[in-house]
Amino acid sequence: MRIRLFTLFDLDPLGYPSSLLAITSPRNILDDPVMWGFPGFPSFDTNLARWVLAAEDICFKNPLLSYFFRLGKCIPITRGAGIYQEHMNEALECLSNGAWLHTFPEGKVLQEDAPIRRLKWGTASLIVRSPITPIVLPIVHQGLEKVMPENYWFGKRPLFPLCNKRINIVVGEPIEFDLPTMRQMAISMSRNLHFPGKGWPSISRYGLDEAAQRCLYVAISEQIQIVLENLRCLGKSSVK
């Protein structure tokens, strides 16, 4: 993990080769930043630290929490508010500036040993709408659900993270998308689709209306889901 992240992120000497979009399956509310705490990682270098999409109803419930998580480079996301909500533009700006952004496209913590669920479209929309196509890095992990279990004591989490838990993190190869071909296929497929619109703006530089965007986001999300599921199975087999 360390070598692959350092190579993609170009931490030696400094600088970003491109924007980096890390995609993870959430296992508990502490996945980020705990998973970046391995030896040698520049955890305290704010210039190299990741930006991360964070649930507004958990991390931004009051002014004090909002200030704390904003200092930690968290971007508030309102679950259910759609891919064109206000702070998604902030996430796009991060990618445009060549930064590292961490997302959880499943949109909800799952601690059971189960296949990767259908992904929300927000991450796919960032890939499509970003002026700089990011490097998309898939990551899965096992064991973090034991650090902060959701049903530890009468259906509640423990007050503090639990120690001495084995954590296995698997970083996959960057996911490659043939976006020009996928855009043309989405435009072609969308011509025969009819459904109530949500008022999404068109992406004029690619000729993508709302229907074409839906088709494209589904295709990208399904590709990411397959990669994450393959990594999940690989991670399970490696700890047996």
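## Basis of the description

Helices (H or I, at least four residues) and strands (E, at least two) are DSSP runs, numbered from the N terminus. The model is predicted, and for this reader it matters that local features need pLDDT of at least 70 and side-chain atom pairs count only at pLDDT 80 or more, while totals for chains, interfaces and linings use all residues. Residues are numbered from 1 along each chain as its sequence is written, and side-chain values use heavy atoms, with hydrogens and water left out.

## The chain as a whole

The protein chain has nine helices and six strands. Of its 240 residues, 46% are buried, where buried means under 20% relative accessible area, exposed means over 50%, and partly exposed lies in between (1.4 Å probe, protein chains only). The accessible surface of the chain comes to about 13100 Å², and 58% of that surface belongs to carbon and sulfur atoms; such areas come from the Shrake-Rupley method with a 1.4 Å probe, and for residues only the protein chains shown count as cover.

A contact means heavy atoms within 4.5 Å. Among contacts between residues at least 6 apart in sequence, 70% join residues at least 24 apart.

## A nonpolar patch on the surface

Trp153 is found in the loop between α7 (144-147) and β6 (168-171), and it counts as exposed because its relative accessibility is 59%. Together with Tyr152 and Phe154, Trp153 forms a nonpolar patch on the surface, with about 460 Å² of accessible area for the three residues together. Patches are made of residues with over 30% relative accessible area and no salt bridge, with like charges joined within 9 Å and nonpolar side chains (Val, Leu, Ile, Met, Phe, Trp, Tyr) within 5 Å; a salt bridge is a side-chain nitrogen of Lys or Arg within 4 Å of a carboxyl oxygen of Asp or Glu.

## Aromatic rings and charges

Rings of Phe, Tyr and Trp (its six-membered ring) pair if their centres lie within 6.5 Å, and planes under 30 degrees apart count as stacked, over 60 as edge-to-face and the rest as tilted. By this rule the count comes to five aromatic pairs. The rings of Trp121 and Trp200 have their centres 6.1 Å apart and their planes at 80 degrees, so this pair is edge-to-face. The pair links distant parts of the chain, with Trp121 in the loop between β4 (100-103) and α6 (122-129) and Trp200 in the loop between α8 (179-190) and α9 (210-238), 79 residues apart. Trp121 is partly exposed, because its relative accessible area is 22%, whereas Trp200 counts as buried at 13% relative accessibility. The rings of Trp200 and Tyr217 have their centres 6.0 Å apart and their planes at 45 degrees, so that pair is tilted.

Ring pairs link Tyr84, Trp121, Trp200 and Tyr217 into a cluster. The charged end of Arg214 sits over the ring of Trp200, 5.6 Å from its centre, a description that requires NZ of Lys or CZ of Arg to be within 6 Å of the ring centre and within 35 degrees of the ring normal.

## Two buried residues

Val147 has its place in helix α7 and counts as buried at 8% relative accessibility. Leaving aside neighbours within four places in sequence, Val147 is in contact with residues including Asn28, Pro158 and Ile167. Val147 and Arg27 are 120 residues apart in sequence and 9.6 Å apart in space, C-alpha to C-alpha.

Glu229 lies in helix α9 and is buried, with a relative accessible area of 18%. Not counting residues up to four places away in sequence, Glu229 touches Pro115 and Ile116.
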